[in-house]
Amino acid sequence: MRVIALERPDDADAFFEHAAALLAEGISPEHVSWSVGDSADLFGAAIPAPRAKWRGEKLFAAALLHRAAHRFALVYRALWRTDGDKAWLDNPAESDLCSLRKLEGEVRRDIHKMRALVRFREIPDGYGARFIAWYEPGHFTLRANADFFVHRFADMRWSIVTPDLSAHYDGEIRFAPGGSRRDVPAEDARDEDWRTYYAAIFNPARLNLAVMQSHLPKKFWRNLPEAQAIPALARAAQTRAQTMIAAPPTAPRVARAPARAQTTATGLADLRAQLASCEKCPLHREATQVVCGAGPSNAALMIVAEQPGDHEDLCGAPLVGPAGKIFDEALRRIGCDRKTIYVTNAVKHFKFTLKGQRRIHAKPSAGEIDICSWWLHREIEQVRPKLIVAMGASALRALTGQSFSVCDSRGKILDLGESRILTTTHPAYLLRLQDEQQKRQAWRAFLDDLAQAHAMACA
Amino acid sequence: MRLDLRQKLAILADAAKYDASCASSGGQRRDSLGMGKGVGSVTGAGICHSFTPDGRCVSLLKILLTNYCMYDCAFCVNRVSSNVRRARFTPAEAAQLTVDFYRRNYIEGLFLSSGIIRSPDATMEQLIETARLLREDHAFHGYIHLKTIADADPALISRAGELADRLSVNVELPQEASLKALAPEKRLSTIRKSMATIRGEIDDHAHDKTVRKKRFATGQSTQMIVGADSADDATILRTSAALYGGYRLRRVYYSAFSPIPDASAVLPVRAPPLQREHRLYQADWLLRNYGFDIEELAEATDDGMLDLDLDPKTSWALKNRALFPVDINRAPREMLLRIPGLGVRVADRVIAARRHGALRLDDISRLASSLRKILPFITTPDWSPGSTLDSEGLKQKLRPPPRQLELFSCA
């Protein structure tokens, strides 16, 4: 039987070095006994061997900080098994692995609880102030956890004292033997403020001590300044809640604030203001915002697209998404400055269906187009463009009130009394085409249509 | 009478407690040692520093800068017509208090909100000033969550994002009509617009791969009050799904409408619907992490309401019994995740373990924490639920014995 005595209870590295030596010698787990602190009894120990990193080392290292005495044997057995069968670690149903995961979980929770529940007390010392905490961890976690506090409280000098070990930080971390509760002041100047906050943030109408204790078991209470307040808060909670429920409403304190002033804008600005609160159809319920047309009120050329997409809905501007990029590129090719034209949509709100967490564009119905075309016609009245380009079937329907096929109408001029309309495809159509040759043809035609429209409007 | 700091703290924490959000997770990692000065760190995972007797986590110092407010939202303890005591912190006081609490390790950081005073922009500027003092004068690197005032100038929202880890705008109520009736100064459209602005900024900063990029909040969240209006659970969840889809929210918080001191006459108070709130959180979780579609969740309701006695996944499974039992050794991951009582972690372990041989019931019992809920819905070589799955009594059997309600931990 090999008896290995480790110097410290929390030194995973020393354990691993011993284990490496034992494995190299081929010592099986049932012939090793592990202990901590009996430095006299080194009988049979191998000379610790340098080693490579183990697979699963994080799991083992965490489990080794557990207070359970069998942790060393368990980890050594796992290393022994892994040594013989590399795949052993990959089967989560192995019962030793389940046990290790259980230890690991308890250690991680202990580490987490220490980060949460350490309470520093400020004491003046020769150099200003030092922050000292008394804490009782469930496992040997202080050394592994010190780094967290070093990184968090870099400009503080602090100490955490536990029964087994204490950590001191003065720009460098130093570990020393454990201490006792008496080494740390019982109260801090801010504790009363903290209790005040704790009491005030508690909602008595939601009292639920069982859940509270599942997160914060009683064993932690004695070192938490706020825990003193718990019994009184819990006792008074029901009465406080019932008083609130029973209390009749009092007279309002002051008169209501005056309603906000109405806008007095005219023309397009007025139209935009009215449009912002449009509820003529249900689309406003889901969309972020109404997307108004954009451009000068005296533009000679008006472009009507279908409706805002995801991008436009978020930014509040028309034709700025993927299709907008194509449109902009087309304008650049034909030498037309977007700032000189008026760009708008047949339907002013984004319509979509939810697929998982994505908003997928949905085509507006004829009814929605017809309702929203009222706004489009008001825009036309204000801008009075020489030519309107209908991009796609929805735009054509909004402008004419009838359903025409884009294929049949493309490139032709429709004269509708007040306004002349030229029909072309919607740039989103170009995005959808898969075939490269079709795509090139459609792009060419789109450019020709826009160039023609631009020339007619500028003539 | 002049209030001292402690009295103000009591008033302004009391005024903030109806906001359910408390997460301190998901911030950009950084720490005072690495930054070379100051105090504070964000590790990415949140920490609950305490729990109040209502079982809720205390992670951040959650306060209002002031509880004076021009608005008159019927459900709100701070509405202009309420007779509660009023107080205000200066930005300097709030910043100092945050740092003092932080150095004692009471908190992860600050959650700061405010009543609307003077104007939305003026209010937002005060919140920003507090965060600026913390970041610049105190070299504070801890977590900051700023409540964004919906009507504030987008430039202010973007400034707030440069200082905070998280921004949030409260949608308050699930339907526009309720908002009109109960929060007359608020508009769903302005709230959505603010969310869209924040999403745009977060996306832009996330895509900015330059080394010297400005830091920016990494997420936004919102809160909906449950039980103040007549909206049913399906409506609430549909609103959430649309918010997640449209604005990439990290979280929607559900806050059971709770009795408040000096309640408004239009909203008679009663005990808060805590169990309903809990079920909504569970359904929301399925929506975000288990691949459930919003319409599937809606189907799992009874006339729009989630079953209070059964978790939503079990309710869904009972209405889709034809899809069960699931063969543990063959089912794809998506289907494993549909098994009541079986979570993401266990599903992944099952997938890893079954590569080493067929899993039997005792394997499952080692991998999962409890078999009770799982059993009626699975088969293994040594187990089949037989006719249990089709029996009338299954629903009754799955109802838990009366027990304490478990609330959602939120760090």
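Predicted model: local features only at pLDDT ≥ 70, side-chain atom pairs only at ≥ 80, totals over all residues.
Chain A holds 16 helices and 14 strands. Its C-alpha atoms occupy a box of roughly 105 × 70 × 45 Å along the principal axes. The radius of gyration of chain A is 37 Å, whereas a compact globule of 459 residues would have a value near 23 Å. The domain assignment divides chain A into domain 1 (2–113), domain 2 (118–183), domain 3 (191–232) and domain 4 (267–458). Between the centres of domain 2 and domain 4 of chain A, taken over C-alpha atoms, the distance is 66 Å.

Chain B contains 15 helices and 12 strands. With a radius of gyration of 23 Å, close to the 22 Å that the globule rule gives for 411 residues, chain B is as compact as a globular protein of that length. The box filled by the C-alpha atoms of chain B is roughly 70 × 55 × 35 Å along the principal axes. Here the domain assignment gives domain 1 (5–258) and domain 2 (312–398), and the C-alpha centres of these two domains of chain B lie 40 Å apart.

Next comes the meeting of the two chains. In the model, 98 residues of chain B are in contact with 85 residues of chain A. The size of an interface is often given as the accessible area lost when the parts come together. For chain B and chain A, this buried area is about 7,700 Å², with 56% of it on carbon and sulfur atoms. Of the area that chain B buries against chain A, 10% is supplied by B:Pro53, B:Arg104 and B:Tyr106, more than by any other three residues.

Between chain B and chain A, 37 residue pairs are in polar contact, and 9 salt bridges are found across the interface. A salt bridge joins the side chains of A:Asp310 and B:Arg199, with an N to O distance of 4.0 Å. Sorted by class, the side of chain B that touches chain A is made up of 47 nonpolar, 22 polar and 29 charged residues.

Over all chains, the whole structure has 67 salt bridges. One that lies within chain A pairs A:Glu379 with A:Lys348, whose closest N and O atoms are 2.9 Å apart. A:Glu379 belongs to helix H12 (residues 366–383) of chain A, while A:Lys348 sits in the loop between strand S9 (342–345) and strand S10 (352–355), so this pair ties together parts that are 31 residues apart in sequence.

Most residues other than glycine have a negative phi, and most peptide bonds are trans. In chain B, the peptide bond from B:Phe324 to B:Pro325 is cis, and its omega is near 0°. B:Pro325 is placed in the loop between helix H11 (312–319) and strand S11 (326–327) of chain B. In chain A, A:Leu319 has a positive phi, near 50°, although this residue is not glycine. The location of A:Leu319 is the loop between helix H10 (310–315) and helix H11 (322–334) of chain A.

Key. Residues numbered from 1 in each chain as written. Chains lettered and ligands numbered in written order. Heavy atoms only, no water. Contact = heavy atoms within 4.5 Å. Buried area = accessible area lost by both parts, 1.4 Å probe. Polar contact = N/O pair within 3.5 Å; in protein donor to acceptor, adjacent residues only side chain to side chain. Nonpolar A, V, L, I, M, F, W, Y, C, P; charged D, E, K, R; others polar. Domains from an automatic or database assignment. Helix = DSSP H or I, 4+ residues; strand = E, 2+ residues; numbered from the N terminus. Rg over C-alpha atoms; globule rule 2.2 N^0.38 Å.
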